[in-house]
Amino acid sequence: MWTYNKVLQYPINIKCPNAKLAKFIISQYGGPDGELAASLRYLSQRFGMPDQKSKAVLNDIGTEELAHLEMVGTIVHQLTDGLSAEEIKAAGLGDYYTDHGVDVYPQSAAGTPFTAAYIACKGDPIANLQEDLAAEQKARATYEKLIDLCADDPDVLDPLRFLRQREIVHFQRFGEALRGVQDKLAEKRFYMNNMNSNSNNNNNDNDCGCENKN
Amino acid sequence: MMNNSNMFGGCSDSITNCNCNYTPQGINAAFGYNTENEAKDTDCGCMQNNDNMETRQEMLNKIRSLNFAIVELGEYLDTHPDDRKALCLHREYTNQYRELTDNYQKVYGPLTIHFPCNKWRWLEEPWPWEGGMC
């Protein structure tokens with residue numbers, strides 16, 4: 001379970017609303033390489049991991065991504081807070097305003113709604129962790145593009161730089177988790193479906209006999 | 001923010017002298033937090049007093065810094081569970097975090113719903129996305 005902390009992971013106080021920047025940055029909320037996709041991907045993949053380290057890394061990074069989701073939502077909210085419908089329309093967010101008003105809706109910069117198709121869960125620890133390494137790099141690259149686009153506003157730039165830096169640390173942790181999983185899978189007598197094969201092999205010996213009681 | 005060496009200091013907590021027996025401070029079990037008297041004596045009155053505002057913001061920044069350090073160390077320890085220095089730092093920061101959040105919440109209201117209150121102050125303080133006190 002999770003407990004909400006009524007504090008942002010990194011402070012955000014945007015003094016100058018700018019809906020044009022919000023239109024770009026919302027991609028890190030609900031876009032293909034955004035924080036929602038990241039958190040759901042890691043938190044879903046953790047169930048199938050074969051060792052303790054990779055379960056913990058996916059659990060804890062997936063949790064941190066939820067804090068990043070709140071940060072990106074906060075940036076979008078503060079960049080559009082108090083703007084008139086005219087200003088929102090002039091920034092190219094008229095379509096968005098029509099359907100979502102002042103809510104922060106998970107969508108890409110181009111307006112594509114969030115889809116679970118952004119999330120990779122292959123049921124294979126190696127494939128999943130390689131996917132996660134790529135996801136962190138794609139998120140880093142997206143933040144770098146956003147940093148280029150938002151160069152004029154230090155209030156926006158600062159949290160974006162923090163978020164970019166976190167992608168790099170997460171990439172490092174996933175690399176270490178991948179090595180651990182590779183070592184685990186290289187151990188002798190390790191079977192992904194170990195429990196099932198045991199119960200199948202021992203079926204006759206350990207049968208509960210419940211059908212034979214009568 | 002993260003470069004404030006005075007705030008975090010070195011890792012003074014040795015492995016053999018584990019300071020894990022946390023004792024909550026200032027809890028009045030009979031009356032709980034935020035009694036009327038306590039509110040009168042120590043409530044920040046933040047709209048009137050700039051000094052208290054700074055103290056509140058300073059405390060919140062320290063809480064946020066400690067929280068970040070704990071998250072970062074936690075992720076590192078997930079793949080380096082045998083790193084004693086990191087484990088020691090984690091222990092030191094979590095102890096500081098508990099003490100600081102306890103003190104903060106007694107005066108400025110709850111940061112989580114797991115904090116006992118005589119009055120539901122959860123509604124009174126601004127939300128993180130609303131700026132100002134974030």
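Which residue with a positive phi follows H4(A)? The views below come from a predicted model.

**View 1. The end of helix H4 of chain A.** Gly82(A) follows H4(A). The phi of Gly82(A) is positive, near 80°.

**View 2. Helix H4 of chain A, end to end.** H4(A) covers residues 52–80, which makes 29 residues. At 1.5 Å a residue, the helix should span 42 Å. Of the 29 residues of H4(A), 23 are buried, so the helix is largely enclosed by the rest of the structure.

**View 3. Thr115 of chain A in its loop.** Thr115(A) sits in the loop between helix H6 (94–100) and helix H7 (125–149) of chain A. Within 10 Å there are 13 other C-beta atoms. A residue counts as exposed at 12 or fewer and as buried at 20 or more, so Thr115(A) is partly exposed.

**View 4. The side of chain A that touches chain B.** Here 25 residues of chain A are in contact with 18 residues of chain B. On the chain A side, the elements that give two or more residues are H4 and helix H8 (154–186). H4(A) supplies the largest share, eleven residues. By class, this side of chain A has nine nonpolar, nine polar and seven charged residues.

Notes:
Residues numbered from 1 in each chain as written. Chains lettered and ligands numbered in written order. Predicted model: local features only at pLDDT ≥ 70, side-chain atom pairs only at ≥ 80, totals over all residues. Helix = DSSP H or I, 4+ residues; strand = E, 2+ residues; numbered from the N terminus. Expected span 1.5 Å × (residues − 1). Contact = placed C-beta atoms within 7 Å. Nonpolar A, V, L, I, M, F, W, Y, C, P; charged D, E, K, R; others polar.
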